[in-house]
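Please open the model in a viewer and follow the stops below in order. Each stop names a selection and then describes what is found there.

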Amino acid sequence: MAGREGTPGKSARAVIDRPIRTVDYHTGGEPFRIVTGGVPELLGRNVLERRRWAMAHLDDVRRLLVNEPRGHADMYGAFVTPPNDDWAQLGVVFFHNEGFSTACGHGTIALVTWAIETGRVEVEPGGHSATVTVDVPSGRLICTARLEDDGRVEAVRFRNVPSFVLARDVAVRTANGVLTLDVAFGGAFYATLGVESLGLRLEPASLPALIALQRELRPSIERSIRVLHPEEPELAGIYGVIFWEALGPDEQRNVTVFADGEIDRSPCGSGTSARLAILHVRGELAIGATFRHRSIVDSLFEAWVVDEGPPIGGHPSVVTEVEGSAFRTGESLFSLDPRDPLGTGFLLR
């Protein structure tokens, strides 16, 4: 099935007159394509403004790097930018098959790993941990990397922006009947739904049904409740739907379907923060308890509610941390032949 980018022979025309250099990582199986050259500096006073500028001026580059034949419907990537001020080391603007997101936990883990291992961010020689502060569109993230003896990154833990539950027990009418979901913010807004109510298991055979349901649920939820961050109006709308099942005490598996039917192969970093907020407000997860979040490919994030945070628009919030590991998979130099009738490409599901 074709996605929103069109079908072969009908793709967007663009003028991309220089090679675009990228370095690729994966975090828990989820790809992350970091643009390291060939694009202009993103303009704006802060990361949110640079995200706006990228939406207006670099969408052709996003399509080129995400779409087939250079990418695929589940590709994820980012432009590296300066931070908002001198108190951070990096800024980042994330992108995916539908546009530009406000948060990406797996991408933050990969970005910090890349920044340390390439020397973009200097760390103390011989040390076994390093702190890197990253400005993302949803806010400022304090990240702590655990380092091996040779300086390579073993894992990255990020302290997220305050997470909160926007609405509990939202009833939504679907082709599967009336479903009851919770909606929470973890850098972006997620609806969450236990798959027991669907009669499904979280396994690859269920993915087509979960993609179809996510595409139905997003507009239905937004018609049912107002999905808007009380303090930042650019953080709005349902970004993804987290389908989850319990594996044991303080351990769950999830499949997060986000953007236009995009499947997160990782346990989803910002989505993990949203789940932590829901579990805590329901009294199912204590402060400091380790929550183990597994993905469709059985990769693992460990996470915690560190403390209760300030109220966000009247909603109690929590401060969360999420930890995972990223690994380099390669580097590329992409180009667009002006004669190519497929232009910036296409998406097939």
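The tour of this predicted model begins at the largest pocket, which holds about 300 Å³ of space. Select Arg 51, Phe 100, Ser 101, Ala 236 and Tyr 239: of the 21 residues that line the pocket, these are the closest to its centre. Next, colour α1 (47-57), α4 (207-224) and β11 (238-248), each of which supplies at least two residues of the lining. Sorted by class, the lining of this pocket comprises nine nonpolar, six polar and six charged residues.

The second stop is the largest nonpolar core. Which residues have the most contacts inside it? They are Leu 111, Val 134, Leu 217, Ile 221 and Phe 243, in a core of 86 residues. Helix α3 (residues 105-117) gives the most to this core, with seven residues. Apart from this core lies another, of 19 residues, including Val 35, Val 66, Val 93 and Leu 336.

Now centre the view on Leu 217. When neighbours within four places in sequence are left aside, Leu 217 is in contact with Val 172, Thr 174, Leu 179, Leu 181, Val 241 and Phe 243.

The hairpin of β9 and β10 has three residues between the strands, and Gly 187 takes a positive phi near 115° in it.

Arg 294 faces Leu 300 of β15 as its opposite residue. Five residues lie between the strands in the hairpin of β14 and β15, where Asp 298 takes a positive phi near 70°.

The last stop concerns backbone geometry. Most residues other than glycine have a negative phi, and most peptide bonds are trans. Select Glu 68 and Pro 69: the peptide bond from the former to the latter is cis, with omega near 10°. Pro 69 lies in the loop between α2 (59-66) and β3 (77-81).

Move to Asp 250, in the loop between β11 and β12. Although it is not a glycine, Asp 250 has a positive phi of about 60°. Asp 250 is partly exposed, with a relative accessible area of 32%.

Finish at Cys 268, in the loop between β13 (262-264) and α5 (269-281). Cys 268 is likewise not a glycine, and has a positive phi of about 70°. Is Cys 268 buried or exposed? Cys 268 is buried, because its relative accessible area is 4%, and buried means under 20%.

Note on methods: Residues are numbered from 1 along each chain as its sequence is written. This is a predicted model: local features need pLDDT of at least 70, side-chain atom pairs count only at pLDDT 80 or more; totals for chains, interfaces and linings use all residues. Side-chain values use heavy atoms; hydrogens and water are left out. On a 1 Å grid over the protein atoms alone, a cavity is a set of points where a 1.4 Å probe fits but cannot get out, and a pocket is an open set with protein on both sides within 12 Å along at least five of seven lines; lining residues have an atom within 4 Å of a point. Grid points are joined across faces, edges and corners, and a volume is the space filled by probe spheres set on the points. Helices (H or I, at least four residues) and strands (E, at least two) are DSSP runs, numbered from the N terminus. Ala, Val, Leu, Ile, Met, Phe, Trp, Tyr, Cys and Pro count as nonpolar, Asp, Glu, Lys and Arg as charged, and the others, Gly among them, as polar. Two strands pair if DSSP finds at least two bridges between them. A nonpolar core is a set of buried Ala, Val, Leu, Ile, Met, Phe, Trp, Tyr and Cys residues joined through side-chain atoms within 4.5 Å. Buried means under 20% relative accessible area, exposed over 50%, partly exposed in between (1.4 Å probe, protein chains only). Contact means heavy atoms within 4.5 Å.
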